[in-house]
Structure formats: C-alpha cells, structure tokens
Amino acid sequence: MVAFGKKLKERQIQEWQGYYINYKLMKKRVKQYGHQIEVGTLDRRHVLKDFSRMLDCQIEKIVLFLLEQQGLLAGRIAKLNEDQDALQQEPDIAKLSQLRENYRDVGRDLLKLLFFVEINAVGLRKILKKFDKRFGYRFTDYYVKTRANHPYSQLQQVFKHVGLGAVVGAISRNLHELQEHQGSFLSIYDQPVLPLQDSVVDAMKAAVDRLSHSTNFLNFLAQHALIMQEELPTPTEEIVDDKRYHFMSLILNLANTFLYMINTYIIVPTADDYSMSLGAPATVCGIVIGSMAVAQVFSSVYFSAWSNRSYFRPLVFSSIALLIGNVMYAMAYDSKSITILLLGRLFCGLGSARAVNRRYISDCVPLKIRMQASAGFVSASALGMACGPAIAGLLQTEFKIYKFTFNQNTLPGWVMAVGWFFYMIWLCISFREPSRPTQETKADPQTSDGTTPPCSVYFIGGVIVFLSQSNLVALIPLAGYHEPARNDALEKGLQQPLLPSTEANQDDEDCGSDDESDDSRGPANSIRSAYRLLTPSVKVQLLIYFMLKYAMEILLSESSVVTTYYFGWSTSSVAIFLACLGLTVLPVNIVVGSYISNMFEDRQILLASEIMVFVGILLSFHILVPYSVPQYVCSGLIMFVSAEVLEGVNLSLLSRVMSSRLSQGTYNGGLLSTEAGTLARVVADATITMAGYLGQKTLLNVTLLPSLIICITSILATCFTYNSLY
C-alpha cells in the first residue's frame, strides 16, 4: 500500500492540482514543529498559532476555488436553460436528446467538484488528527470551535453549501422535466414526486447526502453492519464492477443471515426443558445455548480467511454444518445424550457464515445500493432474532414417527434442518460465484469483512461534519489556551525552505504512530497485531459492545428458567415475550436513526444509553419485595431497548475510529467486534450454568451482578475518555 499523501496526489484532478489541500507541506510542517520543540526553538503556543494560520490559508484557497467553480457551473446551466426555452417553442427530438446530455455533462462536472470537496475534507481531518497525536493536544476541538460560527470563517461558507444544493436541484429539475414531461402542460411540481431514473442524478444526490451527513434510518441501520466504503473517495461512480454483482446471490447471503439468527434463538424458550428431559439441571441451558457461540469464536476466523478465495463454498459448508448440527440436536432426545445435544449446537456454531455475508456485501455489491444491502443484513438479523422464539412458540405438539420423537424440544432442530436443506438446494441452483479481482484491483485498498475505515462520506466540504466521523463531536476549546503575542519570525516560518527531497521522501513513508501510517502498511496478519492497532477509544467501544452483548445474553438465555421459577410461564408465554423483545429492534432504530441522532450528539446518546442499561439491570434484581411480572417485563424491556440503542450508536462510532489497516484482510475490525460480542455471549451463558449450582433461587441476582459490574466499568471508561473520545 502507498502512503496517504501519495494516494491523495494520485486521485487529484490534474487541472485542479494547485487548489487541493497541500497535505505534504503540512505533514512536513508538523514534523518540523516536533523537531523545533525538542531543541527548544519553539514553544507549543507558538506552534498552535502558526499551524492555525496555515490551515486558515489552505481552507480559504479551497473555498475560493469552490465558489469560482460553482459560478462556472451556474453559468453553464443558465445557458442550457435558454436553449431549453427555445426548444419549448420549436420542439426537436434530436436537440432535446442533446440538451439532456449537456445537462448530464454539467452533472458529471459537479460530481468532480463534490469529489474535490470530499478529498480535501479527508486531508484536513488526517492532518488535524496527525497533529493531535503528535503533540498530545485537542487542537482539532479548539480549531473547529473557534472557526465554526465565526462571521469571517470560510468554514461557515462551506458548511452551508447552498450553491452546491442549488446546482444539484437545477440539473435534477431540468432533466426530470425533459425526460418525463415532454409535451405536458402541467408543471413537474403539480405531479406526484416520481423517482428520476438517471445515473448522474442519483450519483449527485448520493454525493450531496455524503457531504451533508443527513442522518436517516437507512443510513443509521446500515452502519450496524460495519460495511462502508473506502475512506478516500474516488471520482468514479462505482468501485465495484457491476458484473460481480448478482441480485439473487445477495438475497441468498441475507437468507443465510436470517436463518442463522432463527437457528440461534429458536431453542431459547425450550432449552431448559430439553436439558431436564436429558437428566441435567435446567440451568445447563446456558451451556446448551452458549455452545453455539463457543464454536462461532473459531468459525468467524476461518470463514473470514475463506472468503478471501470464495463465497459459494463457505456458504455450502455452512449449510452442511448447520444441517448436521440441527439433526444431532433433534436426535439427542431419543438418544438420551446431553453430549450429542451439545455437539449438535457446536456444529451449528461452526456453520456461522456471517463473515462471508458481510464480505460479499462489501466486495460485490455496487456502492449505489451497498447502504441498502447493509441495512438489509441488519434487518435480516433482527427479524431472525424475533422469528426464532416465535416459531418455537408454535411448535407445541408431540408425536412420534418410527423411533423419532417430535415435540417442543426436538421440533426446533428438525424444522431448522429442513430449512437448511432447502436453502442448500436453492444455493446450489441460484448462487453465482463472482469473479475475483485482478491483481491490480487487489492492490487498491478495499473494505472487507464487516469493517469500515473512518469514512469521508459523511464529511462536509469543510471540517465541521467530518469531525463527527473522527468522533470529535464535542467541540471543546483547548484548556488554558490564550492568543499568543505576535511573532514575526514565526509567521515568516511558512516561507522558509522545507526539508530536502530525500528527507521528504522518507517522511512520506514514515510510519510512526500516526494514523497516516495506517495507510502505508498492509493489513494485520494476526489477532495480536490487530489488537496492537486498537486505540484507547476503540478499546473502550469494544468494551461497551462486550457489555451490552453480555447483558442481552443474560436476559435472553435465562428468561425461560427465571420466568418458570417465579411466574410459572409456559413455553408459549416465554416465546411471546422474547419475540416481542426482538420486534422492538427495527422500531427503535427507526426512532434513533431518524430523530434522536439528529437531535443529540452521538457521545450523548452513548452515555445516556449506558446509564439506561444500568437502570434496567438495577431494576431487574430481586430484593426484599416479591418479584412480579411487571417488574421483570419493564426492567427487561428497558435493558433490551437501551442496549439496542447503545449497539447502534456504538457501532456507528466504532466504524469511524477503526484504523484503516483493520479495514481489510482476515483479521479486520469486523472480526474483532464479532469476536468481542461472541465472547460476551460465551461468558454470559457460562455464568448462567455456573450460577445454577447455587440454586434457582439465587440465579437471577447472581447472574445480574456481573452485568452490573461490567456496565459500571464501561460507564466509567466512557466518562474517563469523554473528551479524548468525542
């Protein structure tokens, strides 16, 4: 991989080369600052002033060029409008077709301008983050805080980007009018809004959405999958070749996700009864449920590696493993063997192909629909989680065929075995293995299995919104900062000769400890090397992810034991309760993605959600007063919904701060987050089984206590890193 500065230079539009952010100059300047501070020729306050002035000059250069180009585009549109008015008097099909193509040409040039804005935003964020890491400042917070709303700031002009929106609207309106309303006496504004089928308009709208960071439900939901596009934008409309995309193959990937989540949760309402029917305590249900997660810890790694070479074969292997596992799970009843039961669940865990599902979306789905595909992946998981217990509640019957017993304990296994059998047939008939990238394509940075590098697609042309992507949403002034006295010698420093070319070349390849170094090295080749790339902020967010998965698993896995002991609930009642919890996932994400995330900063939602999870856990304890159904249902609902909100916001933040080296390869950020969540489930299920030896009377409080401790730890860790994280 090449250094970020070189990638930035390669992707510049040549005729505009002099107007881009001079990333190389600023990178050298940061290095010079470090040397001058070490030898004592500069103090830090002077460095802050000098670097601020340099950024101001760079941003002003970008903004003035942006305004100039907007004016040129507006002039071209005005001329085309005159041509369109003339054609209204004397319609000519050939000229109308040429006019539409001329509007599209303006749209393509606008896309170049939007790309120009995006790529400069990435460079600005990179250099600010490099400066902060090199000197240990929160300079980015200070810089944006002081420039964001100042009347003379160029950032404010870019933040509004009214001109860009006006140009997009003009092109879209005229293309729509020419394409859909030729010869009509009605205005397009008098008609229902119909989508305009034009690739240029779609690309423009997508680019503006990326710049304006307009949070919506679909966008918010898609981030849960940790599947995003490359950090450094490209001027082309597509990175993924459409020939690699096959709609039915995508559907099969989503179906695999849906069936696997059903398979995970379909046994939860009956796991305790099944364990007792085999002579084991009811609390062994924790091991029965968790054994699938134990196997998933290992399967995630080899599936992630396997997806580097194929998508079809891992999916076939997944189907076979799950088919065998479910048959073993069902046959354990007649064999009277708890060992076969556990082995069946282990086989099911070995078939977890979620790494392949994510990888297919990131590698083979075109950018224009990748967000929808990512949201589909999350929705399929959520619906599977809700359908699993619901299906279990419907299987309340008992009969025997030959020597095989079919009842509420074994039917989940048989039903899922049949489901995977038909899925495998569908897979073999309809799945199309996409062509592998060429060697040249592999050299380019690609997002992969469920990870996402910090993504510029949410940046606005200046610095305001892209700071959200680096999680610096809290605009806190630098403590103790005062404007230093004027220093003419320092201000002339920008005009001094830079480092020799040989040193500059070394600087471009310098790895150091900065984020830019992430772009100049390959992906991690082991779990250990991947862990070393985790920053403190990422570690805190993985801890939060571990906590919420642990709390949710405790709630779900012990629900049948707890409700039977305290309330005498039947399997159907437990299934209805769990299905209702699962059905809250999508509505909660709609509310958060469409409203709450637009009203509050992510850091505020994160902390508030952690506190609400803490409240839900606290209310779940059985202390003194008799334990009632309203207490259990309300506390469980608070805990589950808060954890769902927390998961969405946490993964959204995690996708922005993950090192770009963890965006590819086998040991990537998606694998790390998956392993963190899977380990949480394993530990939670093991806790339930171990607590069962103390008796069902103390099971609830004993299992909730670790949840409470982990939750408090995550809240303290979030507060401790509050300023540096966000």
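Are phenylalanine 406 and tryptophan 414 buried or exposed? Both are buried, where buried means under 20% relative accessible area, exposed means over 50% and partly exposed lies in between (1.4 Å probe, protein chains only). A few notes before the views: this is a predicted model, in which local features need pLDDT of at least 70 and side-chain atom pairs count only at pLDDT 80 or more, while totals for chains, interfaces and linings use all residues. Residues are numbered from 1 along each chain as its sequence is written, and side-chain values use heavy atoms, with hydrogens and water left out.

**View 1. The whole protein, before we zoom in.** The protein has 32 helices and 2 strands; helices (H or I, at least four residues) and strands (E, at least two) are DSSP runs, numbered from the N terminus. Of its 726 residues, 58% count as buried. Take the contacts with a separation of 6 or more: 85% of them come from residues 24 or more positions apart, with contact meaning heavy atoms within 4.5 Å.

View 2. Searching the whole structure turns up 34 aromatic pairs. Rings of Phe, Tyr and Trp (its six-membered ring) pair if their centres lie within 6.5 Å; planes under 30 degrees apart count as stacked, over 60 as edge-to-face and the rest as tilted. In phenylalanine 406 and tryptophan 414, the ring centres are 5.5 Å apart and the planes sit at 40 degrees, so this pair is tilted. Elsewhere, one aromatic cluster is formed by Tyr565, Tyr566, Phe567, Trp569, Phe577, Tyr627 and Tyr632.

**View 3. Helix α12 meets helix α15.** Helix α12 (residues 285-306) packs with helix α15 (residues 354-364) at an angle of about 35 degrees, their axes 8 Å apart. Axes here are lines fitted to C-alpha atoms, for helices over the stretch in contact, and angles run from 0 to 180 degrees between N-to-C directions. From α12 come Gln296, Ser300, Phe303 and Ser304, and from α15 come Arg354, Ala355, Val356 and Arg359. Sorted by class, this contact has 3 nonpolar, 3 polar and 2 charged residues (Ala, Val, Leu, Ile, Met, Phe, Trp, Tyr, Cys and Pro count as nonpolar, Asp, Glu, Lys and Arg as charged, and the others, Gly among them, as polar). Look also at serine 307, in the loop between α12 and α13. Serine 307 is buried, with a relative accessible area of 0%.

**View 4. Lysine 336 and its surroundings.** Lysine 336 belongs to the loop between α13 (312-335) and α14 (338-350). Its relative accessibility is 55%, so lysine 336 counts as exposed. Its phi is near 55 degrees, a positive value in a residue other than glycine. Most residues other than glycine have a negative phi. Lysine 336 also lies over the face of tyrosine 333, 5.0 Å from the ring centre; a charge sits over a ring if NZ of Lys or CZ of Arg is within 6 Å of the ring centre and within 35 degrees of the ring normal. Threonine 339, in helix α14, counts as partly exposed at 48% relative accessibility.

**View 5. Helix α24, end to end.** Helix α24 (residues 536-557) has 22 residues, which at 1.5 Å a residue should span 32 Å; the end C-alpha atoms are 31 Å apart, which agrees. That expected span is 1.5 Å times one less than the number of residues. Helix α24 is mostly covered, with 18 of its 22 residues buried.

View 6. Among the buried residues of α28 are Ile605, Leu606, Leu607 and Val613. Leucine 624 lies in the loop between α28 and α29 (629-657). Leucine 624 is exposed, with a relative accessible area of 85%, and its phi is positive, near 65 degrees.

**View 7. Serine 560, tucked into helix α25.** Serine 560 is part of helix α25 (residues 559-567) and counts as buried, at 1% relative accessibility. Setting aside neighbours within four places in sequence, serine 560 is in contact with Val268, Pro269, Asp272 and Val574.
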